[in-house]
Protein chains: 2
Amino acid sequence: MNPIMLSNLRPLTLLFFLLYTSTSLAGQPTTLKGMDHMKWEKVLPGVWKASIGELQLNALDYTSPPKTKAIEELGDSPFPFDISQTYHHRTPTRIGIRLPLAEQEKIYGLGLEFQGINRRKQVYTLKVDHYGGVKGYTHAPVPFYISSKGYGVLINSPQRVKIHVGVSNRKDSQLPERVDRTTGGNKWAARPLSDAIEASAIGTGMEVYVFTGNTVLEVVQRYNLYCGGGVLPPKWGLGFWHRVHTQSSDQDVYQEIADFKKYNFPLDVIGLEPGWQNFAYPCSYDWDESRFPKPEIFVNNLSQQGIKVNLWENPYVAPSSSMYTSIKPYTASHTVWLGEVPDYTLPEAQQVLLQHHQKKHLDLGISGYKLDEVDGYDVWLWPDHASFPSGHDAVEIRQLYGLILQHTLQEHLRKQNKRTYNLVRSSYIGASDKSAVIYSDYYKHKPYVTALANASLTGLLWTPEIRSAESPEEWIRRFQTVSFSPLMMLNAWYSGTKPWSFPEVTDMVREVVVLRKRLLPYLYTAFYDYQKSGIPPFRAMVLEQGFTAKEQLTAGQLDGVDNPYAEQQRLEVTDQYMMGPSLLVAPIFTGEKSRTVVLPKGKWYNFYTGQYIGDGETITVASKLEQIPLFVKDGGIIPMIAAGEDLNSGSPKLEVRHYGTKVNRYLLYNDDGVSYDFEKEQYTITELLVERRKNGKLEGKRKIKTANQNFKFQDIDWKWMSANMK
Amino acid sequence: MNPIMLSNLRPLTLLFFLLYTSTSLAGQPTTLKGMDHMKWEKVLPGVWKASIGELQLNALDYTSPPKTKAIEELGDSPFPFDISQTYHHRTPTRIGIRLPLAEQEKIYGLGLEFQGINRRKQVYTLKVDHYGGVKGYTHAPVPFYISSKGYGVLINSPQRVKIHVGVSNRKDSQLPERVDRTTGGNKWAARPLSDAIEASAIGTGMEVYVFTGNTVLEVVQRYNLYCGGGVLPPKWGLGFWHRVHTQSSDQDVYQEIADFKKYNFPLDVIGLEPGWQNFAYPCSYDWDESRFPKPEIFVNNLSQQGIKVNLWENPYVAPSSSMYTSIKPYTASHTVWLGEVPDYTLPEAQQVLLQHHQKKHLDLGISGYKLDEVDGYDVWLWPDHASFPSGHDAVEIRQLYGLILQHTLQEHLRKQNKRTYNLVRSSYIGASDKSAVIYSDYYKHKPYVTALANASLTGLLWTPEIRSAESPEEWIRRFQTVSFSPLMMLNAWYSGTKPWSFPEVTDMVREVVVLRKRLLPYLYTAFYDYQKSGIPPFRAMVLEQGFTAKEQLTAGQLDGVDNPYAEQQRLEVTDQYMMGPSLLVAPIFTGEKSRTVVLPKGKWYNFYTGQYIGDGETITVASKLEQIPLFVKDGGIIPMIAAGEDLNSGSPKLEVRHYGTKVNRYLLYNDDGVSYDFEKEQYTITELLVERRKNGKLEGKRKIKTANQNFKFQDIDWKWMSANMK
């Protein structure tokens, strides 16, 4: 019996269910003292939900509805672990849950973490804050974790979830053998093996969701699809972003653009920092007329050159703002930097913001925002005891603030059929459909790459933006990483560094930026897959089949591993990641003469040369200053804008590369790049097919797969990267 | 009108009071939106209390009753700040308070902090944990702060108090001028000046106490006296402590003691680490018969040599313990290191522990315990959502666990008229009467000294115990510090280092240990003052008159300062402290060729030479490897055991030193050193009087001031340290 969907059971069946849940199949008593069994309801194939009490703020109210059809296409599967071992309990102020955990199970996720990937044997306090200090304090502490057994759990709470990931042992649970520490040597464990994940949060309500999958990637897909699928950014969002000094005037920006032309660097988005406003920290959101006397003309001038404008802002309203009087009734008890804190859970407050921004920015052609300071610290933001006019708890509002702002702006622009792409300092549950990329002040290069990988596990996008460098080497290494990230941005206005500030590497910097821009057809298609199927365009290696010991993880079965230690080492590889279906990115860090790359099973090839480099093994590659190591899996088809083409052309000539020896098929996506018309089938999909001719040679074909042909590519050059190799 | 003691007011007066509190004297509206005025009740002269809701666990239930008479002797004073500006509010899960703060006010306290002393412009989450990570996470996060205006505030909550010390601004409070960050330069503040201290905690109840004082020291005294006064340790507790390897047997300990004799080092207490038990982590509390086949004989053997035995333990009970079955019904839902966690809020659980310990340890002559692992981390201790049989919240029990254990053991021994002196890893509110000294794994030397100073501000004792050293220099520097601390202990069993392990400095180490032992009459008297008047024997410099700019702080008045910046610098001096009434200790740290010492106003003299060294100024002293810099204030009278005397004699010959030129008077305390008979006037006080003869020479006299003469010192040699100096 599948003891699911209690509401559909007849009384006798229900009685049987209750008996069943109080004794496990092995005959052990399974009722834990003071805890109640959780009641699960199946909401979609492979998706279950249990509710405890009543949620106040609900993050899922700020996401798009589930992509039901896509979830159904992933198929169904049984509840992925022992349902009789799921518990909850309540205290006057707290709700706790307990879910089973097997001995070899590995746990990933929990949001934007900058260290490691296996979350087991740690306690995380999932708090929206700057990164560091306490485990779980980060810009996007998503209470969603993934098990190597092939399921994911979302703890939908607007409070700070404190989660014990396989650490802490109930006395009435399965306890490991006790060892005397004095004589027990290495057998004694400071963190004894635990048979559960336990979590709790202050508050009156909590929802728990379980998502299954045949692979870890499918679990992520299901979670993302349940939250509306992934975002498809406008094409310009995937170009080159540059932020100018906070005190820049329109003339300064024109000069900066002229410099970009002079040095022959592409430029797609200009970001204006706080000083575009006549008051900042807190913000007026009104143009500083001394710097930007005619913002409409300024934005239009840039638009003529194909350059979008992005505006920095934080959410705290200065009394001098033209929206101050309107927003004041909807603000919190406390200020931030002496500015009012709008309660954006109130539609009235949202309307004040949107009306102001529409008139002052969006009507002028502003493309989006950089939503700063929505994350922490406690010494900056409102205290936990602040009160808000909606009556919502101050902690809950802080936890969701970044998410709510993203949602509010995005839905507003959606009504105008305009896609946007923003920057944001905090995010939370269900963010995969949000057109915003997270950034941070923490500036260590290697942890930035780890964050890029971890972001993919919980519906987030992350940019390792560049702020400064201590050497030409670091400069090019940072550019290489950011060029293979969701948002390629130079944010060096404070340090004053320009792309060409280190002449020794200027050509290399330009080269990698151009390479990224040439990869747009491939990357844009990867984002389409994110949107449609929930497959993150940038992915941690554990989401790649053939990376873990077992090619296919079977839901409900333990990941069989020959050498758990080696496997563990392999899993902790967080300094490489996947971009799109077939590209493995392995950044080099300053000072490294070489690096190891852990290859998933299957043959892999050098992106630049097409050379075979290995299969399921750990290789060492020598570093070249001018190249970020990139590898392509056997049969990988990579459509790029052909060399020398106009990078911003709507329908450029393509170079389609094929790697290795496998025949393959690739569905190339294209659309208008700016609107939501793609939701009404206004897009073109071109099938790129690699077949083997009778003479043994590979051959490339293409075929339009959609009725709509408006966005097809005219010219395609096939390039057989490994044709002359074995 | 003094709007205090509402219960005593007649209806008309009460009405006036209510009107008064809703408008300040300046006519400004003082009611803040969503907050209620606090209702204060005067409980003792200079002590007020306001209750909000109902407390669950109450730390004050684990302290001795207030020393009412001593508090009355400190005199009365009005409520120390604007009572109309005190507020509270409640949410379904949280209680918040708001108290006024003046622009120049400085705030000290908040427990065992290892950094700095002025707590302003920070947010502290006061959580019992290992030190570090988040501000306020520490072994003894006491929610008591002291204002430079001459008052203290205790937030009596068993939950983790989150306190915003002059940071965060309500929109309906006095806000400073807003400055545009882009153009405002240094005028812009990331943490704008706030006019309040705001704090909150989860839970249903909170008590707030206000303590006044004419000086900061008096505030501390009143707080300590309200919590039962300071502890008077047994004399042996102030001697030399040494902990042996966890796997030591009785024979190993005998050898260790023989080595101490061979190297001519004093030894007062031997500490046994986990392995004295037959199971540890969790604990059996039962002797390991293979190591200690006859514990009774072992303890007795040591006792014959004047050596006490202290037993390490943590509170988590192993199934193999002889008290396991009895304690099991009173344990929590979760284990720690797979051991049961007793609910020591239950008298039944306390009784199991006491009966076991009495029979197995105390009856044998065990002197006390080292109560380890009562502090953190989250990955080790029970989770916040654990449940306890008493029904108390798991967070509250964790916050008070160390305090409750200290109290339970101490009160048990008090009934037997035996003083004890213990080590403990966590403490909390109202700990001044506890016979336990806190220690920590954090091992940085300078922050250890800061902790020693800060401990004095919130009723704590702290030992900078020695674990290891990287050089002979560090070894002697660490010994010098610990010799001038509440508990002189070598805890180097893990590193295997002995006092004589660095032969280059062995003589110096012995010398400073002997000096500390010779200072016992002075130090023991200082502890008597702690017990009687609440004056901490080791004190932060801010508790010393003449250290801050104004000699006498007047309650309710702002500390007038000529140069706030210089004053601020001076206040942040935390690497020196006072021991007893007249000794200033300024430890040298490894690598320092010299150090600066900030002298309070008045003349100061070199302890070793009697030489004048300065007055209210900052001096630089060259470091000498063999000496810790010690300075004595003008007129300082320091009774010491005379050189060459038996250091453990009950009534040794004394050398009484006098420094400088001032006439003075000193009350020398003595008693049996072990029992509570001193509470029944079984002690002797000898007045040591320094007068000036007609010929201008100083003369020393003594006079017994108590009826009891049993504990007088027979021989006294006066030593005029500065007699030949100007």
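In chain A, helix 11 (residues 472–483) packs with helix 12 (residues 506–518) at an angle of about 5°, and their axes are 9 Å apart. The model is a predicted one. Angles under 35 degrees count as roughly parallel, and helix 11 and helix 12 of chain A are therefore roughly parallel to each other. On the side of helix 11 of chain A, the contact is made by Trp475(A), Ile476(A), Phe479(A), Gln480(A), Val482(A) and Ser483(A). These residues meet Met508(A), Val509(A), Val512(A), Val513(A) and Arg516(A) in helix 12 of chain A. Of the residues in this contact, 8 are nonpolar, 2 polar and 1 charged.

Trp475(A) also belongs to the largest nonpolar core, which has 176 residues. Trp475(A) is listed there with Leu272(A), Trp382(A), Phe484(A) and Leu583(A) as the residues with the most contacts inside the core. Helix 9 (residues 394–415) of chain A supplies the largest share of this core, 9 residues. Another core, of 175 residues, lies apart from it and includes Leu354(B), Leu405(B), Trp475(B) and Leu654(B).

The contacts of Phe484(A), with residues up to four places away in sequence not counted, include Val512(A) and Arg516(A), both of which also take part in the contact of helix 12 with helix 11 of chain A.

In chain B, helix 6 (residues 295–304) has the buried residues Pro295(B), Phe298(B), Val299(B) and Leu302(B). Viewed down the axis of helix 6 of chain B, these residues fall within an arc of 90°, so they line one face of the helix. An α-helix has 3.6 residues a turn, so residues three or four places apart point the same way. The buried residues of helix 6 of chain B pack against helix 5 (250–262), strand 16 (269–272) and strand 17 (308–313) of chain B. Exposed residues Glu296(B) and Gln304(B) are carried on the face of helix 6 of chain B turned away from its buried side.

Elsewhere in chain B, Thr212(B) lies in strand 14 (residues 205–212). Thr212(B) has 0% relative accessibility and so counts as buried. Apart from neighbours within four places in sequence, Thr212(B) is in contact with Gly46(B), Trp48(B), Ser77(B), Pro78(B), Pro80(B), Gly150(B), Tyr151(B), Glu218(B), Val219(B) and Arg222(B).

Technical notes. Residues numbered from 1 in each chain as written. Chains lettered and ligands numbered in written order. Predicted model: local features only at pLDDT ≥ 70, side-chain atom pairs only at ≥ 80, totals over all residues. Heavy atoms only, no water. Axes fitted to C-alpha atoms, helices over the stretch in contact; angles between N-to-C directions. Helix = DSSP H or I, 4+ residues; strand = E, 2+ residues; numbered from the N terminus. Parallel < 35°, antiparallel > 145°, perpendicular 65-115°, else oblique. Contact = heavy atoms within 4.5 Å. Nonpolar A, V, L, I, M, F, W, Y, C, P; charged D, E, K, R; others polar. Buried < 20%, exposed > 50% of the residue type's maximum accessible area, 1.4 Å probe, protein only. Arc of directions from axis to C-beta. Core = buried A, V, L, I, M, F, W, Y, C linked by side-chain atoms within 4.5 Å.
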